[in-house]
Amino acid sequence: MNRLYLLLLIITAFSCTQNHSNFSEKITLENSLWISDSKPLPSTDSLFYLDDHSPLFRKEFVMEDKIKSAKLLITAAGYYNAFINGKRIGNEELSPTWTDYSKRIYYSEYDISDEIRKGNNCLGVTLGNGFYNLLPLRMWGRRNLRDVLPVGRPMFIAKLIITYKNGKTKEFITDDSWKFAYGPVTKNSIYLGVVYDSRKEIEDWHSLNFDDATWKNATIKNGPGGELQKAFFPSIQVTEKIKPINITTPENGTYVVDMGVNFTGTYKIKLTGEKDDTVNFRFGERIYEDGTLNPMTTVCGQIKKKGAGGPGAPDIAWQTDSYIFKDDAEVWYQPEFTFHTYRYMEISGARNKPQISDIEGLMIHSDVKRENEFQCSSELLNSIQEATEQTFLSNLVGVQSDCAAREKFGYGGDLNATSESFIYNFDMQQFYRKTIYDWLDAVNDSGFVDTAPFVGIQYCGISWESAVLTTQYYLYLYYNDTDIIKELYEFDKKWMEKVARIHPNKIVASGLSDHESMEPVPVELTGTCHYLQCAKIMAEFAKVMNDDEANQKYNELAEELKELIKERFWDTPIKEEINKQTLYSALFYHDILPKDGIKALSDSLLMALKNGPSGHLNTGIFGTKYMLEALSESGNSKSVFNVVNSTAYPGWGFMIDKGATTIWETWKESDNTYSNCHPMFGTVTEWFYRWLGGIKPNSEYPGFQQFVLSPFIPDDLEYVNCKYQSPFGEIISNWKKTNVGMIVFEIKIPKESSAKFQLYSNELTNIAIKNVETGKSIKTTDGVFKEEGIMFNAGHYTISGIMAVE
């Protein structure tokens with residue numbers, strides 16, 4: 001056991017009882033046993049691809065008196081669906097959320113008081129493989145997740161706690177008195193999909209008065225080893241039902257359903273068939289010119305030729321489902337224990353062409369609150385925002401993934417690049433707490449890992465694993481979450497010691513740099529900048545912890561790293577080919593140069609943009625975020641707007657112009673290799689909120705106790721409506737042009753907070769300020785907004801004036 005993980009166990013054991021009220025409840029799964037079926041795992045890889053029916057479990061119990069409450073605690077290694085007296089419990093999908101099952105497993109608690117009846121009752125549970133019993137697919141021809149993840153037969157653990165009205169309690173636990181049989185789900189894979197054979201259905205198996213005499217007793221298992229903790233984050237749910245916009249017949253007997261938008265989820269469909277008919281489904285983000293399905297951008301692990309996926313694997317590991325009829329019937333089918341990313345669904349084997357009214361797309365994601373909003377007068381910018389939101393939500397299925405079809409992994413680099421963008425759009429506090437714990441479970445004390453949960457990938461370096469630290473910082477900056485700092489401070493210091501051991505010369509010389517940049521970027525630049533960012537974060541954390549010695553230590557480290565980066569990438573001529581956009585924006589974003597170098601750096605930054613393709617960005621995962629912010633901070637917001645508001649290649653508008661409804665993995669369009677639903681370039685939404693809406697946190701007052709409102713007003717926009725839900729309440733920053741040169745701002749500052757309103761690029765004259773709630777006017781002078789700005793206390797205000805021409 002490595003030292004970092006040992007420290008983690010101590011920290012999280014303490015935190016689970018001290019820092020989270022939902023962990024401190026006395027109700028636990030104590031005394032319950034892990035149970036499963038009695039089937040062994042296949043002896044060879046090829047056998048995993050044969051039929052393997054999902055088990056059904058049932059347990060009848062008797063209520064002796066009137067009850068006050070009934071609570072079910074349940075979780076699984078794999079996925080579960082639970083039922084009480086034949087009725088589905090809860091609205092969660094793909095539960096429990098994926099974790100490293102050997103480290104921690106989250107359980108859910110359901111109040112099922114209204115479903116319990118006096119006398120006999122029945123609990124039913126069915127299990128899916130999830131991430132615990134994966135197929136031995138050789139992703140990219142070499143990576144078998146079964147070699148690195150905790151794996152086994154799906155199993156579950158549960159407890160029903162009954163409180164009677166007389167004050168007595170009774171517990172029903174999972175043990176070998178439960179019965180099991182095998183049901184109609186004959187195959188289920190999170191990557192390859194589900195086969196449902198209705199000929200194997202067992203009618204009313206989860207209801208009362210069912211005869212289970214032929215069923216076998218459950219087998220008690222040791223469990224996967226992870227600590228059981230109550231879930232505290234948003235569950236995965238069906239959040240939207242999507243109606244198709246078209247159904248075509250590109251080939252005889254094959255139908256292609258266009259859902260109108262790319263998304264992650266499943267579907268519900270009405271099927272008509274005869275006995276033994278099989279209806280097959282395939283899914284993809286694109287179609288070919290002849291209208292047939294193109295599934296290639298969603299193929300698992302790039303398995304696209306015979307033998308690449310290992311023994312027994314399909315030649316092409318595309319997303320599929322199948323439904324088999326038991327008799328002549330009309331049925332509604334909805335798959336379970338899988339999820340797909342798709343816009344287009346191919347149907348073959350159906351006897352009749354389906355109607356649009358027969359199909360619903362079911363969008364699935366972690367149900368984060370979506371109270372924030374950006375909207376403006378540009379249809380193009382609104383489409384980019386909608387596509388970004390769609391991409392983000394499609395990649396929030398328990399973990400923040402880079403692509404929800406091909407890999408489904410939680411990469412740290414993507415988290416580093418986009419976590420602020422996610423926060424601007426959704427309430428991410430509890431989701432990101434869960435994410436941080438995933439990273440704590442993934443790290444070791446000898447090297448860097450790339451994903452959490454850990455899937456065996458270890459080559460990207462500090463720019464990926466530093467997400468364990470940067471995500472903590474953004475919880476602090478945006479939510480004033482100091483608990484997470486206090487909880488993990490000792491771990492964070494040990495992690496920084498590890499970084500120092502791995503990079504004793506301080507310049508980061510290994511790892512992945514600006515992924516998908518169109519020109520080379522040395523990791524010495526991006527990696528060392530992330531090391532610097534971590535040093536600055538730790539200095540801030542030390543201040544929160546009143547650790548003066550550590551604060552000085554990390555500040556000194558930060559200054560040393562800044563000087564090394566400056567010497568290597570500014571003072572010394574660069575002879576090798578390098579992406580100058582990423583170079584100059586990284587230097588600006590990370591505050592590498594002293595004040596007397598900023599003018600030259602800003603000029604170089606703007607020249608790098610002008611020299612880019614079409615005068616656009618050519619940056620990658622980190623450089624894109626850096627460029628958007630650095631250009632704007634250096635007074636070039638107009639140049640950013642011109643890029644964002646263009647349909648030329650490369651850019652977001654180019655994607656939209658090509659029909660994209662989600663953001664691509666690469667600037668260049670891909671119809672075979674790269675994902676069409678990838679959050680990495682979604683950092684443009686952060687620019688919308690920060691610069692067009694002007695809503696920015698103040699690091700001196702974390703959690704928006706005091707913040708900045710500084711909207712940029714482009715010539716080609718008529719209005720912006722922007723709102724953000726802070727810990728103190730709703731922030732509004734709207735503006736609208738009225739007559740020529742006249743503009744009206746509407747701002748709302750929540751109770752117990754304040755904001756500085758400032759205009760960096762424009763100035764107002766003939767200013768009129770009014771408190772909307774009191775009707776009173778507030779006096780000020782011309783020129784104030786472009787100079788020092790004005791502080792506003794909590795309230796609702798309008799500010800109007802004549803906008804000076806730049």
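1. By class, the lining of the second largest pocket comprises 18 nonpolar, nine polar and ten charged residues, where Ala, Val, Leu, Ile, Met, Phe, Trp, Tyr, Cys and Pro count as nonpolar, Asp, Glu, Lys and Arg as charged, and the others, Gly among them, as polar. The lining is made of 37 residues, and those nearest the centre of this pocket are Asn81, Phe83, Arg88, Gln334 and Glu336; the volume is about 870 Å³. A pocket is here an open set of points on a 1 Å grid over the protein atoms alone, where a 1.4 Å probe fits, with protein on both sides within 12 Å along at least five of seven lines, and lining residues have an atom within 4 Å of a point. Grid points are joined across faces, edges and corners, and a volume is the space filled by probe spheres set on the points. At least two lining residues come from each of β4 (79–84), β14 (193–197), β18 (236–242), β20 (254–273), β25 (329–333) and β27 (359–366), helices (H or I, at least four residues) and strands (E, at least two) being DSSP runs numbered from the N terminus.

2. The model is predicted, and local features need pLDDT of at least 70, side-chain atom pairs count only at pLDDT 80 or more, while totals for chains, interfaces and linings use all residues. Residues are numbered from 1 along each chain as its sequence is written, and side-chain values use heavy atoms, with hydrogens and water left out.

3. The largest pocket has a volume of about 1300 Å³ and a lining of 34 residues, with Tyr473, Leu477, Tyr589, Arg690 and Ser699 nearest its centre. Among the elements giving two or more residues to this lining are α6 (467–479), α9 (548–571), α15 (684–692) and β31 (695–697), while α8 gives the most, with five residues. The lining divides into 14 nonpolar, seven polar and 13 charged residues.

4. Six strands form an open antiparallel sheet in the order β5-β4-β7-β2-β12-β15, two strands being paired if DSSP finds at least two bridges between them. The edge strands, β5 (87–88) and β15 (216–217), each pair on one side only. Within the sheet, β2 (residues 55–63) and β7 (residues 119–128) pair in the antiparallel sense over eight bridges, and Leu56 stands opposite Thr126 in β7.

5. Thr174, in the loop between β11 (169–173) and β12 (179–182), is buried, with a relative accessible area of 0%; buried means under 20% relative accessible area, exposed over 50%, and partly exposed in between (1.4 Å probe, protein chains only). The side chain of Thr174 reaches the backbone oxygen of Leu33 at 2.6 Å and the backbone nitrogen of Ala158 at 3.1 Å.

6. Gln302 lies in the loop between β23 (293–294) and β24 (320–324) and is partly exposed, with a relative accessible area of 23%. The side chain of Gln302 reaches the backbone oxygen of Thr673 at 2.9 Å, and the C-alpha atoms of Gln302 and Thr673, 371 residues apart along the chain, are separated by 7.4 Å.

7. Helix α13 (residues 637–644) is largely enclosed by the rest of the structure, because six of its eight residues are buried. Those buried residues are Ser637, Ser639, Val640, Phe641, Val643 and Val644, and what covers them includes α2 (379–394), α11 (598–610), α12, α14 (652–657) and α15.

How values were computed
Polar contact = N/O pair within 3.5 Å; in protein donor to acceptor, adjacent residues only side chain to side chain. Contact = heavy atoms within 4.5 Å.
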